[in-house]
Amino acid sequence: MILRVISFALPASTFVLTALIWWQRSQMPYNEQGRYFDGLVVYEAQSVGFYAALALFSLIMTLSAAYWIFRRM
């Protein structure tokens, strides 16, 4: 039972975190060079695609884990 909870909670939390980071980064006002400087860190617009792909992969893993859990019940 604990393995089932962990196998669902880990990809689900990864999906939520990467989706939040993707949403935050996609709303930043990038300049014409694709950069945003917040005073400390320079963010690149290319990272938005990476976080979107990571969130999509995490969503697929979450749905696979949910299917595996409910199939075994």
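## Buried residues of helix α1

In this predicted model, helix α1 buries Pro-11, Ala-12, Thr-18 and Arg-25. Buried means under 20% relative accessible area, exposed means over 50%, and partly exposed lies in between (1.4 Å probe, protein chains only). Helices (H or I, at least four residues) and strands (E, at least two) are DSSP runs, numbered from the N terminus. The cover over the buried residues of α1 includes β2 (42-44) and α2 (46-72).

Helix α1 takes in residues 2-26. At 1.5 Å a residue, its 25 residues should span 36 Å, and its end C-alpha atoms are 36 Å apart, which agrees. The expected span of a helix is 1.5 Å times one less than its number of residues.

## Basis of the model

Residues are numbered from 1 along each chain as its sequence is written, and side-chain values use heavy atoms, with hydrogens and water left out. Because the model is predicted, local features need pLDDT of at least 70 and side-chain atom pairs count only at pLDDT 80 or more, while totals for chains, interfaces and linings use all residues.

## Overall architecture

The protein chain has two helices and two strands. From the N terminus on, the order is α-β-β-α. The radius of gyration is 16 Å, well over the 11 Å that the globule rule gives for 73 residues, so the chain is more spread out than a compact globule. That radius is taken over C-alpha atoms, and the rule is 2.2 Å times the number of residues to the power 0.38. The C-alpha trace spans about 50 × 20 × 15 Å along its principal axes.

Of the 73 residues, 22% count as buried. Contact means heavy atoms within 4.5 Å. Among contacts with a separation of 6 or more, 60% come from residues 24 or more positions apart. The accessible surface comes to about 5600 Å², and 70% of it belongs to carbon and sulfur atoms. Accessible areas come from the Shrake-Rupley method with a 1.4 Å probe; for residues, only the protein chains shown count as cover.

## Helix α2 and its buried side

Helix α2 has 27 residues. At 1.5 Å a residue these should span 39 Å; the end C-alpha atoms are 40 Å apart, which agrees. Its buried residues are Ser-47, Val-48, Tyr-51, Ala-55, Ser-58, Thr-62, Ala-65, Ala-66 and Ile-69. An α-helix has 3.6 residues a turn, so residues three or four places apart point the same way. What covers the buried residues of α2 includes α1 and β2.

Ser-58 sits in helix α2. Its relative accessibility is 5%, so Ser-58 counts as buried. Beyond its neighbours within four places in sequence, Ser-58 is in contact with Pro-11, Thr-14, Phe-15 and Thr-18.

## A nonpolar patch

Leu-56, Phe-57, Ile-60 and Met-61 make a nonpolar surface patch of about 390 Å². Patches are made of residues with over 30% relative accessible area and no salt bridge; like charges are joined within 9 Å, and nonpolar side chains (Val, Leu, Ile, Met, Phe, Trp, Tyr) within 5 Å. Ile-60 lies in helix α2. Ile-60 is partly exposed, with a relative accessible area of 44%.

## The salt bridge

A search of the whole structure finds one salt bridge. The term means a side-chain nitrogen of Lys or Arg within 4 Å of a carboxyl oxygen of Asp or Glu. Here the side chains of Arg-35 and Glu-44 meet, at 3.1 Å from N to O. Side chains of opposite charge can pair when their charged atoms come close. Both residues are partly exposed: Arg-35 has a relative accessible area of 39%, and Glu-44 has 31%.

The loop between α1 and β1 (35-37) holds Asn-31. Asn-31 is partly exposed, at 36% relative accessible area. Glu-32 is found in the loop between α1 and β1. Glu-32 is exposed, with a relative accessible area of 76%. Glu-32 and Met-61 are 29 residues apart in sequence and 35 Å apart in space, C-alpha to C-alpha.

Asp-38 is in the loop between β1 and β2. Asp-38 is partly exposed, with a relative accessible area of 40%. The C-alpha atoms of Asp-38 and Ile-6 are separated by 36 Å, and the two residues are 32 residues apart along the chain.
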